[in-house]
Amino acid sequence: MISASMAYNLLSGNMKQSLDRVASQATVKRDAEYFKDNINNVKDVDDFIGNYRLYSYAMTAYGLDDMTYAKAFMKKVLESDLTDANSFANKLTDTRYKEFAAAFNFNTPAADAQSDAQEDDLIGLYTQSFQDSGKAASTESNYFKSAMKGVQNVNGLLGNPRLKNYVLTTFGIDPTYLSNTFLKNVLTSDVSDPTSFVNTQANAKYQEMASYFNFNADGSVTGSAQTPDQESGLIEKYTLNSLEKVVDYDDLPGEPADVYYVTSTAAQYNKAYYEKTIKTITSVDQLMGDARMVSYIKAAYSLGKHGYGQGISDELSDFGLRQVLTDANLASQLGLTGLHDAFNFNADGTVSGSARAQNADQTAATLQAASTNGKAYFIANINSAGPQTVDEFMADTKLVNFYRAAYNIPTSMTDSDFKSILVDADFAAAQGYTNVHDAFSFNPDGTVNGGTYQLMTAKSDALAAFETKLSYFSSSVSVSSLDALLADSNLANIVKVAYGMASEMSDADFKQALLDPAAGYPDAVAAFNFQSDGTLQASGGAQNDAGIATTSKQYMVRYDDEAKDFIDDITANYKTLINSSASSGNFSAINNINDFLRDNKSIDFNKRNDDLPDMYHVVLQAFGLTEAELPKSIVRKLLTSDAYDPKGYVASFKDDRITNFARAFNFGSDGKISSELQALPDAVMAKYATNFKSRATMGMNDGPLKDKAAKDATKAVDDFAKGMATVKSLDDFLKDDKLTSFVLKANGLDPKKYDEETLRKIFTSDPSDEKSYLNTKADSKFKEIVADFNFDTEGNLTRAKIGAIQNTGATERTQQNYLQQTLENQEGETNEGVRLALYFARKAPDITSLYGILGDKALFQVITTTFSLPSGISGMDVDKQVSLLQKFVNLDDLQDSKKVDKLMKRFTAMYDLQNNSGTSPALTILTNGGTTSTSLL
């Protein structure tokens, strides 16, 4: 029989060849192929243990073949959570069980639409988006102000996309289908000319936009494109209109108003507006009719959704605010005396010493006249077919006035244009009145369709709309001047209906009709209290200077509290919904993409979150996207695609915002929730953590130094976990020295020997290429490390390495272990000394404690044989055994493959001596002719 010394030298001299020889054996090859082909077809742990061929192969690979019979025990091992220090496998002293559990995915993280790290990142982005919007608005305004100085022609504005976009955003105009020709015609129009392009071919938005510029008809500029007032006014409007909406509704009846995140710049504009406007307020109704003023007061006195009451639905309503301002007793009961006393409103809502546009009787008279000449007239004819042509319709002044009031047609619109809206769908669309056109049954030639100019349902809608305008008039007629009345088409139209004025009466004639009885409308003049110049008598003021100063001071302190608190409600609601699970029996469980895309009204029974943005819109805003850019139909396809595939659907957009959107969620290709793709699986993270802690205290005696090292190691493990949670690519990993250093130390490698460039070569090598850098130049430990990470050879995260039961790297490691175990077992059949030497050489790099040697009979036998230690030492006190081993074993030497090889040559020589007659030639060489050394060297 060949000696152990010679056999070990032959095997260790070319270990790859030795393993290849074993791999080529027919039985070994068949078992390896079967394992590789079938391991990921296993359904669960019971299925795995029930397949003896797979199960026994794996048990042999991890040196547990003697425990194959203990299926119940091994099931508990496989189901252990290695991230839990108290789990079954972690409590076992034999580390083979942890290695075995880590090789399989029977305890993968639970499926979750978002991990905690993904959720925290998204919430952070969402919150930051509001701050970013304010900064962006300021940046764009500064650019606009600077660039406009050089604009000497309308083409200079329209030819600069950034300037053009700024202007369109200011007025809420969608640029998608808008031509520069049309805009040029708008901006070069004379706004004061009723027949100009902007007044005949464009709607109110364009008319307002044109009023902020001074371009001549040919596009040139006389002086400057804007006056200082126009410039500051436009910038203010942009700042206010470009704010992020916390809630984005269409302000339909019964729905809450939009809530904005107010920036510091916007707050200054609001303050200036309030202090200017409050001086014109002559009644509480007038104040309450200005939403911007009401919002300012509520913010100043913390009356919003969080400053008053206990919940989202408990804010002080507008009606409540009106009552507080006029009722001192109620204000006192609510603890709002300071608010009431800051204003000068009487119990009836008037301001002492002030005049009103109408008193109560005058308002009642106007409403009665409007009801008689509009509502009553309409009802009297509602069941008749009515006019049979558009010309007959336009000839009925009362009918036209009724509809103009119901549909809030601007007083500046001519009857000709109104007629065109009724018969020309394209014209109606261009003017923004498609809804009005569609409410009638006129054909393009002016005839009626179906015998009636309007269906009964549309007539009912028109009547309801008219009644709404009557209610509006009642609450808003206390305007501060005739100009203010005229500027509000809702009010002006009701006046025209009430007093039978011509529907297309000019602004000048309308003013004259309310000021001069000789103009033909004496009842209208008597119905209002305007002075000859269209103003009202001087007012004592809704607030004195001290009251204004107090309100503004409080506003500047509290202006953003409501929005910030509301954002907290939004993010809390998002967290509640995204974390809901079916296991809790929650109706709002997020199990698939469809659940994620449901709105707050349909996802649960909680009514308190119905007026909050749903999850879909929160995520859009977090990543700077809009519903137009990413509709739900696209989101479904995105979230079922591989967000890390460089050639996949997500990557095809070439938009980082969309890529990050897709990577923020964990949905499988079937649309169901899955687990997060991580650079390192949890089980591997746990293995690295254990190894790092062991190596950090390796060779240390108990005491303060070891305690500190253990504490530092624990912190390093926590930092590593946090750092790896942010790694989305090889670049992310390599640029963080703390992460790379941790991984290298956990695997017994010296970080000082590996710079970023070298590590990149290793991680981007092709493991299947025998000539790659990984397989020819790198330490053999890197094969396992590279296999552990879910990076492809391009450095991108990939799911390709993840298997249902076992990841690619774990399968390769299992098969490599099986070959090594088989080689050791086969060699042990003829010479136990060779098996022991091969086993020790394989385990040595992972030995970080002398107690580990004592706890492994094979390792202990190798050491006692090598140094001729008496077998009786196993009966000594454990600590004394460790003290004895310290004289012979240097743990650091076990990390050096050359020193380990030298030790094993000594062991096999001593083994031969103890088990054979005569002196081994190898022993003579190693012991310098018979003298035994007390060092591995």
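The structure described here is a predicted model.

**Loop residues with positive phi**

- Most residues other than glycine have a negative phi.
- Ser 302 has a phi near 55°, a positive value in a residue other than glycine.
- The loop that holds Ser 302 runs between α18 (291-300) and α19 (318-326).
- Asn 408 also has a positive phi, near 55°, and is not a glycine.
- Asn 408 lies in the loop between α24 (397-406) and α25 (415-423), and its relative accessible area of 25% makes this residue partly exposed.

**Helix α42**

- Helix α42 covers residues 704-724, 21 residues in total, and spans 30 Å from its first C-alpha to its last, close to the 30 Å expected at 1.5 Å a residue.
- The buried residues of α42 are Ala 709, Ala 713, Val 717, Phe 720, Gly 723 and Met 724.
- Viewed down the axis of α42, these buried residues fall within an arc of 130°, so they line one face of the helix.
- An α-helix has 3.6 residues a turn, so residues three or four places apart point the same way.
- The buried residues of α42 pack against α41 (682-696), α43 (730-734) and α44 (737-746).
- On the face turned away from the buried side, α42 carries exposed residues, including Asp 707, Lys 708, Lys 711 and Lys 715.

**Aromatic pairs**

- The whole structure contains 51 aromatic pairs.
- In one of them, the ring centres of Phe 171 and Tyr 212 are 5.5 Å apart and the planes meet at 55°, so the pair is tilted.
- This pair links distant parts of the chain, 41 residues apart: Phe 171 is in the loop between α11 (161-170) and α12 (180-187), and Tyr 212 is in the loop between α14 (204-210) and α15 (228-241).
- Phe 171 and Tyr 212 are both buried.
- Phe 440 and Phe 442 form a stacked pair, with 6.0 Å from centre to centre and 20° between the planes.
- Phe 440 is buried at 7% relative accessibility, and Phe 442 is buried at 6%.
- Ring pairs link Phe 440 and Phe 442 into a cluster whose members include Phe 378, Phe 393, Tyr 407 and Phe 466.

**Charges over rings**

- The charged end of Arg 53 sits over the ring of Tyr 34, 4.2 Å from the ring centre.
- The charged end of Arg 292 sits over the ring of Tyr 273, 4.2 Å from the ring centre.

How values were computed. Residues are numbered from 1 along each chain as its sequence is written. This is a predicted model: local features need pLDDT of at least 70, side-chain atom pairs count only at pLDDT 80 or more; totals for chains, interfaces and linings use all residues. Side-chain values use heavy atoms; hydrogens and water are left out. Helices (H or I, at least four residues) and strands (E, at least two) are DSSP runs, numbered from the N terminus. The expected span of a helix is 1.5 Å times one less than its number of residues. Buried means under 20% relative accessible area, exposed over 50%, partly exposed in between (1.4 Å probe, protein chains only). The arc is that of the directions from the helix axis to the C-beta atoms. Contact means heavy atoms within 4.5 Å. Rings of Phe, Tyr and Trp (its six-membered ring) pair if their centres lie within 6.5 Å; planes under 30 degrees apart count as stacked, over 60 as edge-to-face and the rest as tilted. A charge sits over a ring if NZ of Lys or CZ of Arg is within 6 Å of the ring centre and within 35 degrees of the ring normal.
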